[in-house]
Structures are given as structure tokens and as C-alpha cells.
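Work through the exercises below with the structure in view. Try each task before you read its solution.

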Amino acid sequence: MRLRLVKEPFDHPDYIFELKHDGFRAVTYIQNGECKILSRNSRVLRFPSLSKNLSSLRVEDAIIDGEIISMDANGISRFNDLLRDRSRAVLYAFDLLWLDGEDLRQQPLLQRKKRLEKLVRKSGLRLMYAQHVEGEGKDLFLEICRNDLEGIVAKRKRGIYKCNSIGWLKIKNPKYSQAEGCHELLARNSVP
């Protein structure tokens, strides 16, 4: 699922809202004790320590959509630290597409998230579950801005997962301090 930028936060009973962390969007494939992490453009992302950690997830096979992030001591994602490999990368998991031979993409989002939360909670690995709020995007966005975080993502509660579809909405904090100089830093560093 791809994201479409919208300018203003909104409230809507059919939507959930999640924190948008600053990192690399990634789809993680786990099968037979191996883990492969791909970017949204299907490029292999090389985070060997994270891949090794996630390969021990107790599943037959799984596909998890998420964001590879690096967080500081306050739980704030730090993209520059991720690029410079200053701290341990984790997978901020926000959707579960496949689990133990079962394609979950046609199930409503909240059902997929419920199964994902259970999987993450019992894993003990470098996985974080993307918590959400229902219906109240404006208040969450205000809190995100107050804490100088990147933004929020809005998703339909009952939405199915359509590959390469623009079904999710992102609302970015216009005053996000880490956005300054980000493009220059990316140009100087190759994507992992």
C-alpha cells in the first residue's frame, strides 16, 4: 500500500490513525528461518543484524509491512542515526499480510492488526507494534506536532490490502525539525 499526502488532519469514524515514524518503508519476508527485507521499490535493504534477529520469529512464513527505524532513549525515531548505523534498527510493524500459509490481505485492517499485535507481543524480537487511535486524527496530529514527530498515517478500519494501491493517507508535521537537511544527507549516503 502506498501513501498519499494530504494537507490537513481529520477525524472520521471509519479510520484509524498511527504515528508515522521516520525511517525506511520495508516489507519483510520470513520463511524457513531466513529473513529478507525489501524497500517499497523492491530493493533489498541490508540490515544484517535486524534480518538475523527477525529470522528467528516463530512462524512457518510471514510477510510484515512496516518501517525500519532507529530510536533514541526517548522513543523518538532518528533517521540520521539509522543512516549512520549509530543505534540498533527495529521493525515498526503496522500490517500483517501473510502468516503461516494464509494470505491475510483480503481481511479487514483491524483483523490483520489484531493478529500482528499478538505475533509481535510474543516474539521478544526487534519488532514494535504500530499502535493506533480510532477516529480521532486531529488530536493525535496535534500531539505529534507538539512532540516534533514526523506525522500520522490514516487508514480505513475495514480496508483490505491492495498492492501498489494508494489507500493510506499521510499527514506530515510541517515543522518537523529532522526534515531539515534530510535530502542532502540521503544524497551523501547510499541507501542500505
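Two strands pair if DSSP finds at least two bridges between them. Helices (H or I, at least four residues) and strands (E, at least two) are DSSP runs, numbered from the N terminus. The model is predicted: local features need pLDDT of at least 70, side-chain atom pairs count only at pLDDT 80 or more, and totals for chains, interfaces and linings use all residues. Residues are numbered from 1 along each chain as its sequence is written, and side-chain values use heavy atoms, with hydrogens and water left out.

**Exercise 1. Find the strands that pair with β5, and name a bridge partner in each case.**

Step 1. Start with strand β3, residues 24-31. β3 and β5 pair antiparallel over eight bridges. Opposite V27 stands D65 of β5.

Step 2. Turn to strand β6, residues 89-99. Nine bridges join β6 to β5, and the two run antiparallel. Here I68 has L91 in β6 as its bridge partner.

**Exercise 2. Locate two non-glycine residues with positive phi, and classify their exposure.**

Step 1. Take S42. Its phi is about 65°, though S42 is not a glycine. S42 sits in the loop between β4 (34-39) and α1 (48-54). Its relative accessibility is 57%, so S42 counts as exposed.

Step 2. Take D100. This residue is not a glycine either, yet its phi is positive, about 50°. D100 lies in the loop between β6 and β7 (102-103). With a relative accessible area of 40%, D100 is partly exposed.

**Exercise 3. Describe the whole chain.**

Step 1. List the elements. The protein chain has five helices and eleven strands.

Step 2. Test the size. The radius of gyration is taken over C-alpha atoms, and the globule rule is 2.2 Å times the number of residues to the power 0.38. For 192 residues, a compact globule would come near 16 Å; the chain has 16 Å, which agrees.

Step 3. Of the 192 residues, 48% are buried.

Methods. Buried < 20%, exposed > 50% of the residue type's maximum accessible area, 1.4 Å probe, protein only.
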